[in-house]
Amino acid sequence: MHDRTLPGLDVARLDAWLHAHRPDLVDDTPLQAELLAGGRSNLTYRVDGARVPLVLRRPPLRHVQATAHDMAREHRVLSALGPTRVPVPTTYALVDDTDGAAGTGTPFFLMARVDGEALAAPEQNARWSPDDLRALSLELAALLAELHAVDPHDVGLADLGRPDGFLDRQVHRWGVQLDGSRSRDVPALDDLQERLRADVPTTWRPALVHGDYRLDNALVARSPAEVSASADGVSGPPHVAAILDWEMATLGDAAVDLGMLGLYWELARIADDDHTVTAVDPAAGYPDFAELVDAYAARLGAPPPDLAWYRAFAAYKLAVILEGVHLRFRAGGTVGAGFERVGDLVAPLAREGLARLADRAGTVRSTTVRTRAEEA
């Protein structure tokens, strides 16, 4: 459904602003907009009626942490990656709309709308064969390797972050985020935080990292040139058309993206309830996460490190994010359905992180015992 008045966006004001400042993007057709995603991350709107299909991205309505939801950063990263092998939407404008003249009252940016769908729910798998889903999964892993192979200097992002000390700063940063999002006691999350701080690994590979790399942050489609006139009309080979949601991108340790991908790949197991929605289902054709790691390593040309700490950190990071969403829900600052259950996932995530660290500790002890035996 399209409208001219939406939470966080006055479409009439946006229309007027574009005619005044970016007339190349609009004509005499009144703009219409639709909220595509709301609340958990930046708000995303489909904008129709312009000369090109547009998407507008802006921060959530309330409870914006100082270090989160940076429109300029996301716009800059998307623009820089445009010429690389990493598929991203074309960017058109970054707008500081703190005076509300363009209809948001906050910084936002406009980008091209890419044809494709984000695989986020099991019912979407029916439109793809098991071979399709396997191919898309392995391509997703290979594209992560392409991202980590990008030289930040070559794309003008050398100053986006500091890889040295990145992991220590990340644990500290998300601790600050947690302190700013507390509305209840979650002892397991506090325990996980302390254990992560006590055993931070050395950075494996300095690289440009996405920060939230997962299947439903990608748009998948079929190659238009090969779409046939079969009954379903969509028999062309699948591909990843775009990687989205770059608001957390920075320079850091490449393995954090692998840890996050692994977390989301197994989220259904971690949540173990009927409310957590994810498209990843081995029965539908999705490969095990280990196969994704192999595809990543093959494209990168280097094996990753032990991912136990990184996967524990991913669980911690998502738990902290969901605590923030839980707080925004309680304050009435979210848009959309399902937010009343988000807080229920925090404790299971914390337990998953603790289990990963226990596995890591067991591996380290086994390696130590083996090494001592060999030395003897």
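## Largest cavity

The lining of the largest cavity consists of F166, Q170, R173, W174, V209, G211, M248, T250, V256 and K317. The model is a predicted one. The volume of this cavity is about 50 Å³, and a search of the whole structure finds two cavities of 30 Å³ or more.

Helix α4, residues 166-179, gives the most to this lining, with four residues. Sorted by class, the residues around the largest cavity are five nonpolar, three polar and two charged.

## Second largest cavity

The second largest cavity holds about 30 Å³ of space. Its lining is made up of G211, V256, M260, Y310, F313, A314 and K317. Two or more residues of this lining come from each of α6 (255-265) and α9 (308-330). Helix α9 gives the most, with four residues. By class, five of the lining residues are nonpolar, one is polar and one is charged.

Strand β7 spans residues 108-112; five of its five residues are buried, so the strand is largely enclosed by the rest of the structure. Buried here means under 20% relative accessible area.

Strand β5 (residues 54-58) pairs with β7 in the antiparallel sense over four bridges, and L54 stands opposite A112 of β7. Strand β6 (residues 91-95) also pairs with β7 in the antiparallel sense, over four bridges. In that pairing, A93 has L110 of β7 as its bridge partner.

Terms used
Residues are numbered from 1 along each chain as its sequence is written. This is a predicted model: local features need pLDDT of at least 70, side-chain atom pairs count only at pLDDT 80 or more; totals for chains, interfaces and linings use all residues. Side-chain values use heavy atoms; hydrogens and water are left out. Buried means under 20% relative accessible area, exposed over 50%, partly exposed in between (1.4 Å probe, protein chains only). Two strands pair if DSSP finds at least two bridges between them. On a 1 Å grid over the protein atoms alone, a cavity is a set of points where a 1.4 Å probe fits but cannot get out, and a pocket is an open set with protein on both sides within 12 Å along at least five of seven lines; lining residues have an atom within 4 Å of a point. Grid points are joined across faces, edges and corners, and a volume is the space filled by probe spheres set on the points. Ala, Val, Leu, Ile, Met, Phe, Trp, Tyr, Cys and Pro count as nonpolar, Asp, Glu, Lys and Arg as charged, and the others, Gly among them, as polar.
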